[in-house]
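Welcome! Here are some exercises to work through with the structure beside you. Try each one yourself before reading the solution.

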Amino acid sequence: MAYDDLRSFLKALERRGQLKRVRAEVDPHLEVGEITDRVQKAPREDQHAPITNIALLFENVRGARTPDGKPIPLAMNVFGTEERLCLALGLKNLDEIGDRIGDLLKPELPHGVSGLRDALGKAAQLKSVPPKHVKKAPVHEVVLTGDEVDLDLLPALHTWPEDGGSFFNLGLTHTKHPETGARNLGLYRLQRQDKRTISMHWQIHKDSTNHYAVAQRRGERLPVAVAFGCPPAVSYAATAPLPSDIDEYLFAGFVQGKRVELVDCKTVPLQVPANAEVVLEGWLEPGVTLPEGPFGDHTGFYTPVEPFPALTVTAMTMREDPVFQSIAVGRPPTEDGPLGRATERFFLPLLKIIIPDLVDYALPEAGGFHNCAIVSIDKRYPKHAQKVMHAIWGAHLMSLTKLIVVVDADCDVHDYAEVAWRAFGNVDYSRDLTVVEGVVDHLDHASYQQFYGGKAGIDATRKLPEEGYHRGWPEMITSDPMTAAKVDRRWKEYGL
């Protein structure tokens, strides 16, 4: 089953022995980040004791208190393994949602009773999708407005030594298009500037950036709401690179198999998850920005100081005993890994709609899930690999991919050693390397110009005579099937 809120999921993790309560006082300045980074990079041996990749609940974070003085626990590394993320979303494995999406995309007319049953099953899935509006919500048990707002009560993290301040790293940011009213839910880092102000680090390619640009053009301020400690499916949906016309709450409902409950905000015309732990509401004035950064980001490098919109917080609402949630990003592996892996698996069926040539693809965590894509195809004609490269560079946020490696269908794209063997051995780089220029991620520090730079595609498929290869492509070495079966049967006899 999926979980209605963060706290019920944390209880489930604790029952399974996958959550550790840290009762000692910890400092949000560097200490929490150092502890979390060691744990999320486990398993490994520390000089003192073994470390296990486990969810953490810091019960005594220095300075983190409710208005009446009770500690605000901080949950970290909650989605730090694929096992925990699957549990959070109520899945057996990460391919399950991709399979469900694939089934929904099949337009065949039903045949017979079994076909009708399947069609009705698809319709039942869609009924659970739309969010549900409620009038009362746990997140409104405590409401602070105006001068009562104090962001210093919340555990913002200074994770790395050269960070420019303290940040909220898992705030689910809600905006809506000023003209169409279309809602967007995104995940952006938020720098705490003072007790009532945070900077909105939304990047140039994000929908919220467009919403703010439209509001500025109209001379209007933009309402914003930021929710922390949301139901796991909602938290995941905020990270998913959905097209702008797909509502994240529809997707969250589809993932968890039931409707997400939303409640109206107190001071802005937006809705937020009723079962969130903490919500910040506020307004962005046209053209008002503040310097934001530096920040040790998921690239493993510090991103520079840039001006970003400054949100004036008009209300802070929370549960009476809130649990705050954040993440620590940096050099991989981090908690970003399972979230990125989920996106890779969930969206394969949708990518196949755009690029039907794809057999499978992998987005390595070491590439931040957007710098490199490894794709396999069933090659049928000359320059098929190059066709697929250009299709990927034209597919929504896959356009940010800097390196594409194309392999044949018999290559496991998730076996990086196998991929490397193909790429190192199957390529004549004077003919099989495609270099282009195009858009890159906002955070890309390697491009000589911000926002665009060079990209490469490597054709590591077998080469055809029609492509100018006339030497006769060699056969790969494989075992004799009969001998392999014989050795399988006799393996125990060998004493190995």
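**Exercise 1. The whole chain**

How many helices and how many strands does the protein chain have?

*Solution.* Keep in mind that you are looking at a predicted model.
- Step 1: Go through the chain and you will find 13 helices and 23 strands.
- Step 2: Now check the overall packing. The radius of gyration is 25 Å, close to the 23 Å that the globule rule gives for 496 residues, so the protein chain is as compact as a globular protein of that length.
- Step 3: For the outline, the C-alpha atoms fill a box of roughly 75 × 60 × 60 Å along the principal axes.

**Exercise 2. A helix and one of its residues**

Find helix α7 and Tyr236 within it. Which residues of α7 are buried?

*Solution.* 
- Step 1: The helix covers residues 232–239.
- Step 2: Seven of its eight residues are buried, so α7 is mostly covered.
- Step 3: The buried ones are Pro232, Ala233, Val234, Ser235, Tyr236, Ala237 and Ala238.
- Step 4: Tyr236 has a relative accessibility of 1%, which means that this residue counts as buried.
- Step 5: Leaving aside residues up to four places away in sequence, Tyr236 touches Leu89, Phe251, Leu339, Ala342, Thr343, Phe346 and Phe347.
- Step 6: Pick Leu89 from that list: Tyr236 and Leu89 are 147 residues apart in sequence, while their C-alpha atoms are 8.6 Å apart in space.

**Exercise 3. Two residues in strands**

Locate Ser376 and Lys20. Is Ser376 buried or exposed?

*Solution.* 
- Step 1: Ser376 sits in strand β20, which runs over residues 372–377.
- Step 2: Its relative accessible area is 1%, and the cut-off for buried is under 20%, so Ser376 is buried.
- Step 3: The neighbours of Ser376 beyond four places in sequence include Asp357, Leu358, Val359 and Asp360, as well as Val407 and Asp408.
- Step 4: Lys20 belongs to strand β1, residues 19–22.
- Step 5: With a relative accessible area of 48%, Lys20 is partly exposed.
- Step 6: Not counting residues up to four places away in sequence, Lys20 touches Ile54, Ala55, Leu56 and Leu57.

**Exercise 4. A residue in a loop**

Where does Ser399 lie, and which backbone oxygen does its side chain reach?

*Solution.* 
- Step 1: Ser399 is in the loop between α11 (384–392) and β21 (403–408).
- Step 2: Its relative accessibility is 14%, so Ser399 counts as buried.
- Step 3: The side chain of Ser399 reaches the backbone oxygen of His396 at 2.7 Å.
- Step 4: Apart from residues up to four places away in sequence, Ser399 touches Ile392, Trp393, Val439 and Lys455.

Note on methods. Residues are numbered from 1 along each chain as its sequence is written. This is a predicted model: local features need pLDDT of at least 70, side-chain atom pairs count only at pLDDT 80 or more; totals for chains, interfaces and linings use all residues. Side-chain values use heavy atoms; hydrogens and water are left out. Helices (H or I, at least four residues) and strands (E, at least two) are DSSP runs, numbered from the N terminus. The radius of gyration is taken over C-alpha atoms; the globule rule is 2.2 Å times the number of residues to the power 0.38. Buried means under 20% relative accessible area, exposed over 50%, partly exposed in between (1.4 Å probe, protein chains only). A polar contact is a pair of N or O atoms within 3.5 Å; within protein, one must be able to donate a hydrogen and the other to accept it, and residues adjacent in sequence count only if both atoms are side-chain atoms. Contact means heavy atoms within 4.5 Å.
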